[in-house]
Amino acid sequence: MGKLDGKVCVITGASRGIGAGIAQLFAEEGGKVVAAARTLREGDHPLEGSLEKTVADIRESGGEATASAVNISLPEDCERLFQEAHDAYGSVDVLVNNAALTYFIPVKDYPLRRWMRSWAVNFHAPFILSQLALQDMIEKKNGSIVNISSGAAIGPGRGPYPDAPPNSGGTCYGAEKAALERFSQGLAQEVYQHGISVTCVSPSQVVPTPGTVFHNLVSGIDDPRGEHPDLMAKSALLLATEPLDNVTGRVTYSQEILKEYGWIEDAQGTGVDRKGSGYSQI
């Protein structure tokens, strides 16, 4: 038996990278996966990866999945995603808010349109999608929401900053992820009475994906300093399937939580040999 047998799982940002890995593992564990992203076909986006490929890979491995091509920066597309999930499989049991939009631009130069769109994808969409998921989960008195954060949520601390990198441009993304971590714990408290788990997890190390390669966060897909995407997929699975009281309200890191539960033996990175964000410590 799989850990997610018969569970309907909505996963955003599932066309490539971490989201595609989560979708594939959840399907292997028996989940009925609704893979959501903007990129339906290869070539629709400059980066490699598409919903069609994710779904095809799942089906070739004997899993069950369907694609939902949506732009979650639009509330109406968030609603359409859930309607398509209901039409395909029924009410939703698991939501993974993984999709992200990143522009590395200093605040002084940040175009307002991009700032607003970034917040729409990285923070407003998880709120809207969580509301929609809760309509299904509260009725069943069961469910799991897993939000994907980032080490960017850890701020630079107080100044002075004599060695600050020029124009790093990570302030917006870091603020969004810090907000997502606070949102996760607050929502976890609100819905605990309904038997619904809400958690948040970040990679312990940068995960080489088409996106992180594009932004020069790693040297390439095979960068030995990076963390394999499987670790984030496994940590999301752990958080989505552990009993409510074990994990709800947890803000954690992939290798930290996997080692804690004995899913891996060796661990390193944030949450292991260096402290994580403030929310991960409370």
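**Entry 1: cysteines**

I looked for disulfides (pairs of cysteine sulfur atoms within 2.5 Å) and the count came to 0. Cys78 is in no disulfide: I found its nearest cysteine sulfur, that of Cys200, 18 Å away. I looked up Cys172 next, and it is in no disulfide either. Its nearest cysteine sulfur, also that of Cys200, lies 16 Å away. My reminder: a disulfide is a covalent bond between the sulfur atoms of two cysteines.

Are these cysteines buried or exposed? I used relative accessible area, where buried means under 20%, exposed means over 50%, and partly exposed is in between (1.4 Å probe, protein chains only). Cys78 is buried, at 0%. Cys172 is buried too, at 1%.

**Entry 2: the model**

I noted that this is a predicted model, with residues numbered from 1 along each chain as its sequence is written. Local features need pLDDT of at least 70, side-chain atom pairs count only at pLDDT 80 or more, totals for chains, interfaces and linings use all residues, and side-chain values use heavy atoms, leaving out hydrogens and water.

I checked pLDDT, the predictor's confidence in each residue, from 0 to 100. The protein has a mean of 94, and 94% of its residues reach 70 or more. I then went through the elements, which are DSSP runs numbered from the N terminus: helices (H or I, at least four residues) and strands (E, at least two). Which has the lowest mean pLDDT? Helix α6 (residues 210-214) does, with 62. Strand β4 (residues 94-97) has the highest, 99.

**Entry 3: salt bridges**

I searched for salt bridges (a side-chain nitrogen of Lys or Arg within 4 Å of a carboxyl oxygen of Asp or Glu). I got 8.

Arg41 and Glu52 form one, at 3.5 Å from N to O. Arg41 lies in the loop between β2 (32-37) and α2 (51-60), and Glu52 lies in helix α2, so the pair ties together parts 11 residues apart in sequence. I found Arg41 partly exposed, at 44%, and Glu52 partly exposed, at 39%.

Lys53 pairs with Asp57, with the closest N and O atoms 2.9 Å apart. Both sit in helix α2, 4 residues apart, about one turn of the helix. Lys53 is partly exposed, at 41%. Asp57 is partly exposed as well, at 24%.

Glu260 pairs with Arg250, at 2.7 Å between the closest N and O atoms. Glu260 is in helix α9 (residues 254-260), and Arg250 is in the loop between α8 (244-247) and β7 (251-253). They are 10 residues apart. Glu260 is partly exposed, at 47%.

Last, I found a network of salt bridges linking Asp77, Arg80 and Glu84.
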